[in-house]
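Biologist: Before we go through this model, could you place the sequence and structure in view? I shall then ask about individual regions.

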Amino acid sequence: MTQKRSRGKPVTLGAGRFLRLVRADGWEFVERVRATGVVAIVAVTTDGELILTEQFRASVRGPVIDLPAGLAGDGPGSEELVTAARRELIEESGYDARRFTLLAHAPTSPGLTTEVVSFFRATGLKKIGAGGGIEGEQIQVHALKLDRAHAWLRRRSRKGVHIDCKVYAGLYFAHCGR
């Protein structure tokens, strides 16, 4: 099976401050304007707790449970993915890690966006701050025992909280590393 590559130059249909709607080869999709990548961090404490975040997301009009995650290179200058992973873990959860290991790159929604998330395992965790994100994010941090995570996520989902699919990938990676 051969991979099909884009033949035509993308045409911008519309753009905002952070996103651009593009058409190429008869397909419309979204690109991020100022980011060079996306990172998600699978952080498991020495006590076997998976670190998750929860915050309101306007696009789904409700709270979303996620891995600590965020954009790389959306500030001034360029930023390595692993540097962004450390920054996001500290900002969102208050944990730092001794080591970050790249696990996988995966498109988030290839029919909609060019976005590819890079998953990192964070080991040697140490709590160094409160977390909660940067100004205006209001992130709540959860530390879940891995063996109880599925039941907790089911209960939260029944209450109307959205569970980002990266969480399920993170659970897979967390169990593979045990």
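Modeller: A word on terms comes first: strands are DSSP runs of E with at least two residues, numbered from the N terminus. With that convention, S118 is found in strand β9. Please keep in mind that this is a predicted model.

Biologist: Is S118 buried or exposed?

Modeller: S118 is buried, because its relative accessible area is 3% and the cut-off for buried is under 20%.

Biologist: And which side chain does S118 contact?

Modeller: The side chain of S118 makes a polar contact of 2.8 Å with that of H105.

Biologist: Turning to charges, how many salt bridges are there?

Modeller: The count comes to ten salt bridges. One of them pairs E115 with R32, whose closest N and O atoms are 2.7 Å apart.

Biologist: Which side chains does R87 meet in salt bridges?

Modeller: R87 meets E79 in a salt bridge of 2.9 Å, N to O. A salt bridge of 2.9 Å, N to O, also links R87 to E88. R87 counts as partly exposed at 24% relative accessibility, and E88 counts as buried at 7%.

Biologist: Which residues do the shared partners join into one network?

Modeller: Salt bridges that share partners join E79, R87, E88 and E91 into one network.

Biologist: Let us move to helix α3. What span should α3 have, and how far apart are its end C-alpha atoms?

Modeller: Helix α3 covers residues 165–176, which is twelve residues. At 1.5 Å a residue α3 should span 16 Å, and its end C-alpha atoms are 17 Å apart, which agrees.

Biologist: Which residues of α3 are buried?

Modeller: The buried residues in α3 are K166, V167, G170, L171, F173 and A174. They cover an arc of only 170° around the axis, so they sit on the same side of α3. The face turned away from that buried side carries the exposed residues C165 and Y172.

Biologist: What caps the N-terminal end of α3?

Modeller: D164 caps the N-terminal end, with a side-chain oxygen 2.8 Å from the backbone nitrogen of K166.

Biologist: A change of topic: which residues make the nonpolar surface patch?

Modeller: V11, L13 and L21 make a nonpolar surface patch of about 220 Å². L13 has its place in strand β1 (residues 11–15), and at 36% relative accessibility L13 counts as partly exposed.

Biologist: Finally, where does V33 lie?

Modeller: V33 lies in the loop between β3 and β4 (37–43). V33 is partly exposed, with a relative accessible area of 33%.

Biologist: What separation do the C-alpha atoms of V33 and R17 have?

Modeller: The C-alpha atoms of V33 and R17 are separated by 7.4 Å, and these two residues are 16 residues apart along the chain.

Terms used: Residues numbered from 1 in each chain as written. Predicted model: local features only at pLDDT ≥ 70, side-chain atom pairs only at ≥ 80, totals over all residues. Heavy atoms only, no water. Patch = residues over 30% accessible without salt bridge, like charges linked within 9 Å, V, L, I, M, F, W, Y side chains within 5 Å. Areas by Shrake-Rupley, 256 points an atom, 1.4 Å probe, with all protein chains shown as cover. Salt bridge = Lys/Arg side-chain N within 4 Å of Asp/Glu carboxyl O. Helix = DSSP H or I, 4+ residues; strand = E, 2+ residues; numbered from the N terminus. Buried < 20%, exposed > 50% of the residue type's maximum accessible area, 1.4 Å probe, protein only. Expected span 1.5 Å × (residues − 1). Arc of directions from axis to C-beta. Polar contact = N/O pair within 3.5 Å; in protein donor to acceptor, adjacent residues only side chain to side chain.
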